[in-house]
Amino acid sequence: MAILTQEQAKAIIDKVLSYAKADETEVTISGGRTGNIRYARNTVNTSGETNELSLAITSVYGKKSGTTTINEFDDESLKRAVARAEEIAALAPENPEYMPVLGPQNYAESKTFAKATDSINPDYRAQLAVDSIQPCVENNLTAAGYLEDFTGFVATGNSKGLFGYNQSTSVDFTVTVRTADGTGSGYAGKDFNDASLLKAGPVTNIAVQKAKASVNAQAIEPGKYTVILEPMAANDLLRLLTSAMDARNADEGRSFLSKKGGGTKLGEKLFDERVNIYSDPNHPDIPSAPWSGEGLPLEKTTWVENGVVKNMFYSRYWAQKQGVQPVPRPRGVIFEGGDQSLADMIRNTERGVLVTRFWYIRAVDPQTLLYTGLTRDGTFYIENGQIKFPVKNFRFNESPIIMLNNIEAMGKPERTGGNMVPPMKIRDFTFTSLSDAV
């Protein structure tokens, strides 16, 4: 019973609300089946499947709220859970930023569910592992990979008549491939809603080629380089930019969008004019649930247009305080790209570095979005339009703000990490030191 139909979920929510005595009551039911398979050293070591179903009740008196969560759905359990949430609410301190629950909302139909993902079974997972391990064995390489698939639902309702229901699926696969001597490492991964789009063999072959090509990496001097960031690497930094576009932080002077002396940079041109960023819950490649965490309908929203900041996200509380309409935080973003392929970018580079991905990224200065981190699993030196040799990994110190002002070229966006991000060629990217890690 981990996945309830819309009718089943609504019947339970209505029953819970019928027991409620608080000023306001919110009910959320979520559940699903999560499957996985993990392998290392070319051998499957764990595999499993879990089914979970839970119900959360939030009761409100004035500006005091209490929440309880259960996984038993008989009448007596539901009644006790309601009473417990109301007891907690009565004892809780007031929340000065509490916002009343929303009334009925119009949510667009979501495209987040795919039958192919819902149909995944242990045989599918085992075959995926075989398809990934086999080319590594044939090349005397060692693979470690992980697949996680999910199919589930969420339903929400409240005492003012709001109701929403969404089914979704997702599949996420990553693999690391190492050479026998441990000097070469490659990485690749893909995530989709629809498992029919996932092909473990081709994904693994990317990691295989990177591992073989990165053997015996050479050290080159740190400094400012033209870099070609594959979509995964670009997303590692660009997701940090969009997650920092909170209006409250900007208004309170704690953001890269804050102006010295007060005010924000909303409406200002901060990036190269080729930078266009938007979110769309109905995007065919990264569809998302049609409502935000506050229950607001998600709509197509432009965040940056021709380099100009067009929107920041406002919580309902902060929007009311500022006298504006709330703008929900996006669940996934689309970075528009260009028409150059990765091969084109390499061919047109006189001297540079190709980066597969970053890791261990940490903030240095939130107000300038300066971050530090390391390259990993395939870093290569480019000279005169050709990849010449693998290089030792670097530590970088860079800001996505600076990065988006130093664009030389972009390619077609690809789904990675739940976003749509293009490969990017960036000038003057700062590498500060070398790392001995493979």
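**C-terminal domain**

I looked up the feature "domain: Metalloprotease TldD/E C-terminal", which UniProt places at residues 222-432 in an unreviewed entry. UniProt positions follow the numbering used here, feature names are shortened, and annotations may be inferred rather than shown by experiment. I noted that the span is 16% helix and 37% strand, with its end C-alpha atoms 5 Å apart. Helices (H or I, at least four residues) and strands (E, at least two) are DSSP runs, numbered from the N terminus.

I recorded that this is a predicted model, in which local features need pLDDT of at least 70 and side-chain atom pairs count only at pLDDT 80 or more, whereas totals for chains, interfaces and linings use all residues. Residues are numbered from 1 along each chain as its sequence is written, and side-chain values use heavy atoms, with hydrogens and water left out.

**Central and N-terminal domains**

I found "domain: Metalloprotease TldD/E central" at residues 144-214 in UniProt (unreviewed entry). Residues 144-214 are 20% helix and 56% strand, and their end C-alpha atoms are 17 Å apart.

For "domain: Metalloprotease TldD/E N-terminal", UniProt lists residues 26-89, again from an unreviewed entry. I noted 23% helix and 64% strand over residues 26-89, with 13 Å between the end C-alpha atoms.

**Helices H4 and H5**

I examined H4 (residues 122-138) and H5 (residues 200-213), which pack at about 30 degrees with their axes 8 Å apart. Axes are lines fitted to C-alpha atoms, for helices over the stretch in contact, and angles run from 0 to 180 degrees between N-to-C directions. H4 and H5 are therefore roughly parallel to each other (angles under 35 degrees count as roughly parallel, over 145 as roughly antiparallel, 65 to 115 as roughly perpendicular and the rest as oblique).

I listed the contact residues (heavy atoms within 4.5 Å): Leu128, Asp131, Ser132, Pro135 and Cys136 from H4, and Ala200, Gly201, Thr204, Asn205 and Val208 from H5.

**Helices H1 and H2**

I found that the axes of H1 (residues 6-19) and H2 (residues 75-91) come within 9 Å and cross at roughly 50 degrees. H1 and H2 are therefore oblique to each other. Ile12, Lys15, Val16 and Tyr19 of H1 meet Asp75, Leu78, Lys79 and Val82 of H2.

**Aromatic pairs**

I counted 13 aromatic pairs (rings of Phe, Tyr and Trp, the last by its six-membered ring, pair if their centres lie within 6.5 Å; planes under 30 degrees apart count as stacked, over 60 as edge-to-face and the rest as tilted). The rings of Phe153 and Tyr165 have centres 5.9 Å apart and planes at 25 degrees, so the pair is stacked. Phe153 lies in strand E4 (residues 141-158) and Tyr165 in strand E5 (residues 163-179), so the pair ties together parts twelve residues apart in sequence.
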